[in-house]
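Take a look at the model below.

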Amino acid sequence: MALLTARAVLLVYLIGRIFSFAQRCDGDMAGDQKKEFLSRPEDDRDLVVEEARPVTKKPPLFRVLLLNDDYTPMEFVVEVLELIFGMDRPKATRIMLEVHTQGRGVCGVFTCEIAETKVARVCAFADQHQHPLLCTLEEI
Ligand code: TYC
């Protein structure tokens, strides 16, 4: 009986110690620390959480160029620039003259697929009208 009583007293004493220890720990922690501690499973406490970076690499860009020749009529080149590159007449004329005097000129900058389509349309249109107009692209 005496042994049982002694065990009961010891048990109550230990529970009291555990309780006061827990209270002390609770008091030591700052509000945010406590929230974080309580919200995660024990095994995750050492883990570092890194913010995910968005994977948005910019696509490569290409200049579409017109090249000069001695035979394609100026008016035809201006039409090409209006029709395929959406330029107004003053801008188309300026670019055509740039090509005529400098040998080459930039019609626009596009992603790969669009640049290739523009080049193909210019070549097809020039072929249809039997002009030797040259159009190409270069990566920036
Ligand atoms: N040089 C041509 C001419 O004198 C005109 C021309 C301009 C041709 C631009 C091609 O990309 C070109 N008729």
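How many disulfides does the count come to? The count is zero, with a disulfide taken as a pair of cysteine sulfur atoms within 2.5 Å. C107 is in no disulfide; the nearest cysteine sulfur, 5.4 Å away, belongs to C135. C107 is buried, at a relative accessible area of 8% (buried is under 20%, exposed over 50%, partly exposed in between; 1.4 Å probe, protein chains only). C123 is in no disulfide either, and its nearest cysteine sulfur, again that of C135, is 5.7 Å away. C123 is partly exposed, with a relative accessible area of 28%.

This is a predicted model: local features need pLDDT of at least 70, side-chain atom pairs count only at pLDDT 80 or more, and totals for chains, interfaces and linings use all residues. Residues are numbered from 1 along each chain as its sequence is written, and side-chain values use heavy atoms, without hydrogens and water.

Now the ligand. Its surroundings are L67, N68, D69, T72, M74, V77, M96, V99, H100 and L133 (a heavy atom within 4 Å). This shell divides into six nonpolar, three polar and one charged residue.

Polar contacts (pairs of N or O atoms within 3.5 Å) come next. L67 places a backbone N or O atom 2.9 Å from a ligand oxygen. N68 uses a polar side-chain atom, 2.7 Å from a ligand nitrogen. D69 has a backbone N or O atom 2.7 Å from a nitrogen of the ligand. The ligand alone exposes 350 Å², and the protein buries 89% of that (Shrake-Rupley method, 1.4 Å probe).

Two or more shell residues come from each of α3 (74-85) and α4 (89-102) (helices are DSSP runs of H or I, at least four residues, numbered from the N terminus). The largest share, three residues, is from α4.

Definitions and conventions: A polar contact is a pair of N or O atoms within 3.5 Å; within protein, one must be able to donate a hydrogen and the other to accept it, and residues adjacent in sequence count only if both atoms are side-chain atoms. Ala, Val, Leu, Ile, Met, Phe, Trp, Tyr, Cys and Pro count as nonpolar, Asp, Glu, Lys and Arg as charged, and the others, Gly among them, as polar.
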